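Good morning, colleagues. Please look at the sequence and the model as they come up on the screen.

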Amino acid sequence: MTYDPATLGQFTITATDGAARRGSLVTAHGVVQTPIFMPVGTQGSVKALAPDDLDAAGAQIILGNTYHLYLRPGDDLLARKGGLHRFASWNKPILTDSGGFQVFSLKDIRKLSEDGVEFRSHHDGSKHFFSPEKVMSIQNNIGSDIMMVLDECVAYGADYDYTAKSLELTTRWARRCRQAHPRHKNGQLLFGINQGGFFKDLRERSLAQLAEIDFDGFAIGGLSVGESIPEMYDMLHHIAPLMPRDTPRYLMGVGTPLDILEGISAGVDMFDCVLPTRNARNGTLYTSQGKVNIRRAEYREDDSPLDPLCPCYACRTFSKAYLRHLYVAQELLSYRLNSLHNITFFLTLARQAREAIEQGRFAALKAHYQDVFAPAKD
Ligand SMILES: Nc1cc(N)c2c(=O)[nH][nH]c(=O)c2c1
Ligand SMILES: [Zn+2]
């Protein structure tokens with residue numbers, strides 16, 4: 001990995017359209033064009049897809065989960081193998097989350113303290129402890145280009161007092177992460193994570209505290225945790241414009257095509273979500289004409305391609321009838337072709353957003369897809 005320390009982490013905005021931003025971020029494994037969608041490779045692979053599939057689909061960066069990779073194959077093994085890039089033969093950028101989110105979703109098997117969080121592995125029940133320093137060390141061993149701080153993602157519905165205390169802990173952990181991993185050590189960038197639940201003053205307090213720490217970017221955490229769409233959008237539009245302008249804004253775990261376009265319209269630059277690959281596996285496919293449930297009997301003899309406007313291998317090569325057959329027959333090829341298509345759709349959407357911002361027609365693109373994905377009118 002060769003990079004120029006002088007430009008590492010540089011985020012340049014090249015065009016705006018309303019609050020939407022077109023930009024680029026320099027990482028040690030290449031420049032990422034934003035707005036960007038990041039396919040999720042939880043355990044070191046984007047499920048059912050190989051690196052050359054991801055290249056063909058236009059993926060610039062993928063996401064890895066620190067919790068999962070720490071438990072299996074182990075960050076020590078990844079370090080011995082030269083890091084995740086070499087281990088998984090993925091030579092473009094990787095972002096790793098801190099593992100906090102997964103641990104906090106293991107409700108009953110974890111204990112929170114000032115120093116970190118104790119939890120039990122969902123594999124074998126063995127006991128483990130994540131401190132800010134530990135998750136920095138794990139992400140260092142993984143070798144990700146963008147690391148995330150350890151944070152507490154409070155549950156939807158958490159009360160004001162708990163949320164206020166939690167954000168203060170997340171800030172103290174963020175400071176410890178920064179101290180544990182000096183700026184750009186090993187070419188790795190570090191993002192802070194805004195918390196504060198659904199209380200606007202607490203969101204602003206969290207942001208003000210994080211902005212005093214030298215981060216390469218800032219994420220919005222604690223959304224897409226069970227709230228309604230209007231609640232998510234309301235908080236999104238409140239906090240995104242208040243985030244530092246000259247560093248990337250990353251909305252964690254979001255979302256549907258319309259959520260992503262809404263986030264871009266609020267000024268967010270980076271997104272990740274398991275939706276494209278998870279829904280591919282249950283036959284829910286995203287197309288330029290809207291969602292297609294490939295399991296439906298109506299496709300049994302349908303010779304047309306899934307999406308005539310999609311450049312992916314699945315759409316260029318097979319009919320809906322064949323894709324439906326593979327799904328119904330539970331053929332493994334169904335996972336691969338459906339995942340390839342959905343990932344291509346999300347990456348194409350991000351590319352279309354970049355082009356629309358450059359040409360000053362982002363609002364029209366958003367309105368088009370709101371029409372395409374409008375809930376079916378009975
Ligand atoms: N929806 C979310 C998805 C995520 N991966 C995260 C996370 O990794 N950290 N913190 C968060 O708040 C969070 C929220
Ligand atoms: Zn396709």
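Predicted model: local features only at pLDDT ≥ 70, side-chain atom pairs only at ≥ 80, totals over all residues.

Residues are numbered from 1 along each chain as its sequence is written, chains are lettered from A and ligands numbered from 1 in the order in which they are written, and side-chain values use heavy atoms, leaving out hydrogens and water.

Which protein atoms are donors to the zinc ion (ligand 2)? They are C310 (SG), C312 (SG), C315 (SG) and H341 (ND1), at 2.1 to 2.3 Å; a donor is an N, O or S atom within 2.8 Å of the metal, or 3.2 Å for Na, K and Ca. Along the chain, their spacing is C-x1-C-x2-C-x25-H.

Turning to ligand 1, the polar contacts are pairs of N or O atoms within 3.5 Å. An oxygen atom of ligand 1 lies 2.6 Å from a polar backbone atom of G222. Nitrogen of ligand 1 is also 2.9 Å from a polar backbone atom of L223.

Finally, S24 belongs to strand β2, residues 20-27, strands being DSSP runs (E, at least two residues) numbered from the N terminus. S24 counts as buried because its relative accessibility is 14%.

Notes: Helix = DSSP H or I, 4+ residues; strand = E, 2+ residues; numbered from the N terminus. Buried < 20%, exposed > 50% of the residue type's maximum accessible area, 1.4 Å probe, protein only. Polar contact = N/O pair within 3.5 Å; in protein donor to acceptor, adjacent residues only side chain to side chain.
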